[in-house]
Amino acid sequence: MLGYALGEKYWGKGIMTEAVRAVIRYGFETLKLDLISAYCYPFNTRSKNILLKMGFTYEGTLKLAEKLYDGSVNDNECYSLTSEEYNAI
Ligand SMILES: CC(C)(COP(=O)(O)OP(=O)(O)OC[C@H]1O[C@@H](n2cnc3c(N)ncnc32)[C@H](O)[C@@H]1OP(=O)(O)O)[C@@H](O)C(=O)NCCC(=O)NCCS
């Protein structure tokens, strides 16, 4: 499972897209993983866009999956990329 966070002053420069691309390559080409998954909150458009740019597929939503520091309880959207899909890109 993939997760990522970047200091806010570095957002919007394409840094995490580049980092995620490298980690995915390492996962499939070196570790020989079959599948990489990632979850994000439905409102986290920046995060979702990274996954879609990398070719991840939306699998479904886990409802009320996580409680945040502010007490709100949020759904989690589940995404995945298989080695077959990666090799076809
Ligand atoms: C989600 C998060 C990692 C995104 O990081 P980021 O580096 O801003 O993401 P990206 O790599 O997609 O960069 C965003 C934009 O940079 C822009 N950009 C500017 N220069 C660029 C370049 N040289 N190359 C590529 N993109 C560039 C692009 O427009 C891109 O957006 P778009 O492709 O949708 O148009 C960051 O907002 C974060 O850490 N958030 C808090 C933690 C979090 O939410 N983590 C995810 C939990 S699921």
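**Figure 1. Composition of the shell around the ligand.** The shell around the ligand comprises 8 nonpolar, 6 polar and 2 charged residues. The coordinates come from a predicted model. In total, 16 residues surround the ligand, and the closest are Trp11, Gly14, Met16, Thr17 and Cys40. Two elements, α1 (15–30) and α2 (45–53), each give two or more residues to this shell. The most is given by α2, with 4 residues.

Figure 2. Within α2, the residues Ser47, Ile50 and Leu51 are buried. These three lie on the same side of α2, because the arc they cover around the axis is only 95°. In an α-helix there are 3.6 residues a turn, so residues three or four places apart point the same way. On the other side of α2, the exposed residues are Thr45, Arg46, Leu52 and Lys53.

**Figure 3. Packing partners of α2 and the residue that follows the helix.** The buried residues of α2 pack against α1, β1 (35–40) and β3 (73–82). Just after α2, Gly55 adopts a positive phi of about 90°.

**Figure 4. Setting of the close-up views within the whole protein.** The protein contains 3 helices and 3 strands, and its elements follow the order α-β-α-β-β-α from the N terminus on. Its C-alpha trace spans about 40 × 30 × 20 Å along the principal axes. Of the 89 residues of the protein, 17% count as buried. Among contacts with a separation of 6 or more, 52% are between residues 24 or more positions apart.

Technical notes: Residues are numbered from 1 along each chain as its sequence is written. This is a predicted model: local features need pLDDT of at least 70, side-chain atom pairs count only at pLDDT 80 or more; totals for chains, interfaces and linings use all residues. A residue is near a molecule or strand if its C-beta atom, placed from the backbone, lies within 6 Å of it. Ala, Val, Leu, Ile, Met, Phe, Trp, Tyr, Cys and Pro count as nonpolar, Asp, Glu, Lys and Arg as charged, and the others, Gly among them, as polar. A residue is buried if 20 or more other C-beta atoms lie within 10 Å of its own, exposed if 12 or fewer, and partly exposed in between; C-beta atoms are placed from the backbone. Two residues are in contact if their C-beta atoms, placed from the backbone, lie within 7 Å. The arc is that of the directions from the helix axis to the C-beta atoms.
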